Amino acid sequence: MSIRVLVVDDQAMVREGFAALLGAQEDIEVVGQAENGAVAVELAAAHRPDVVLMDVRMPVMDGLEAARQILADAPGPDSTHVLMLTTFDVDDYVYDALRIGASGFLLKDALADELVAAVRIVASGEALLAPSVTKRMIEQFAVSRARPALSRDRLAGLTDRELEVMTLIGRGHSNQEIAAQLFIAQQTVKTHVSKILAKLELRDRVQAVVLAYDTGLVEPGS
């Protein structure tokens, strides 16, 4: 089955270039293009794409608000995923976008192969960023920006073992590292991670890292 993609960027040449590149792949179908976030929300509701390639800064409605609306309308790990297009000067958006459920970030000057690979990774339900990279990036913003005071009650449905796994996810550990630290099989870790995401209604482990910081389960520098 083809990966259905919606391309969103206010610059026509960039948007059309990305669409042409992705559309040339045998396993990817571009179902629409949008020049701003408001149009993106409408097209996402109409076409239900697997991946929305979303620019951050746009007129009318920016990519962050568009992503928020699209993800709220399509909850769950098997629905639409949002891959944010960014540059080094829009870092203030990163933490907020991850919190609302964006699956990762891609620099707008990324190579063609990197763009195609990123879309495939996100479509598969995986976060684009490696656990250690995600942890370092989120920690940077958790230190520099005020975090919402979320109660630990948000995690009340987790078992003691799941809470241990959640803590290690928040500290940036991979499944292999978690398995070694807890002396359990990697498949068991994968099962715990899946249950954690389902119980907490999270899309991927990137959101789990954000929630670990937001609830104070993991503190910056831990």
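Predicted model: local features only at pLDDT ≥ 70, side-chain atom pairs only at ≥ 80, totals over all residues.
Residues are numbered from 1 along each chain as its sequence is written, and side-chain values use heavy atoms, with hydrogens and water left out.

Stepping back for a moment, the protein chain has 10 helices and five strands. Here helices (H or I, at least four residues) and strands (E, at least two) are DSSP runs, numbered from the N terminus. The five strands form an open sheet with parallel pairing, in the order β2-β1-β3-β4-β5. Its edge strands, each pairing on one side only, are β2 (28-34) and β5 (104-107). On average, neighbouring strands of this sheet are turned by 25° against each other, direction ignored. Two strands are said to pair if DSSP finds at least two bridges between them. As a reminder, strands of a sheet pair through backbone hydrogen bonds, either parallel or antiparallel.

Now back to β3. Strand β1 (residues 3-8) pairs with β3 (residues 51-55) in the parallel sense, over four bridges. V8 belongs to this picture too, with M54 as its bridge partner in β3. Five bridges join β3 to β4, and these strands also run parallel; V52, for instance, has V82 of β4 as its bridge partner.

How well covered is β3? Five of its five residues are buried, where buried means under 20% relative accessible area, exposed over 50%, and partly exposed in between (1.4 Å probe, protein chains only). V51, L53 and D55 point one way from the strand, V52 and M54 the other way, and all are buried.

Why does D55 count as buried? Because its relative accessibility is 5%. Leaving aside neighbours within four places in sequence, D55 is in contact (heavy atoms within 4.5 Å) with V8, D9, D10, G63, M84, L85 and K108.

Helix α1 (residues 12-23) lies across β1, β2, β3 and β4 (81-86), running at about 165° to β2. Helix α5 (residues 112-123) lies across β1, β2, β3, β4 and β5, at about 150° to β4. For these angles, axes are lines fitted to C-alpha atoms, for helices over the stretch in contact, and angles run from 0 to 180 degrees between N-to-C directions.

D204 caps the N-terminal end of α10, with a side-chain oxygen 3.1 Å from the backbone nitrogen of Q207. Just after α10, G216 takes a positive phi of about 80°.

Finally, consider the chain as a whole. Of its 222 residues, 48% count as buried. Among contacts between residues at least 6 apart in sequence, 69% join residues at least 24 apart. The chain exposes about 10500 Å², with carbon and sulfur atoms supplying 52% of it; accessible areas come from the Shrake-Rupley method with a 1.4 Å probe, and for residues only the protein chains shown count as cover.

Methods. Polar contact = N/O pair within 3.5 Å; in protein donor to acceptor, adjacent residues only side chain to side chain.
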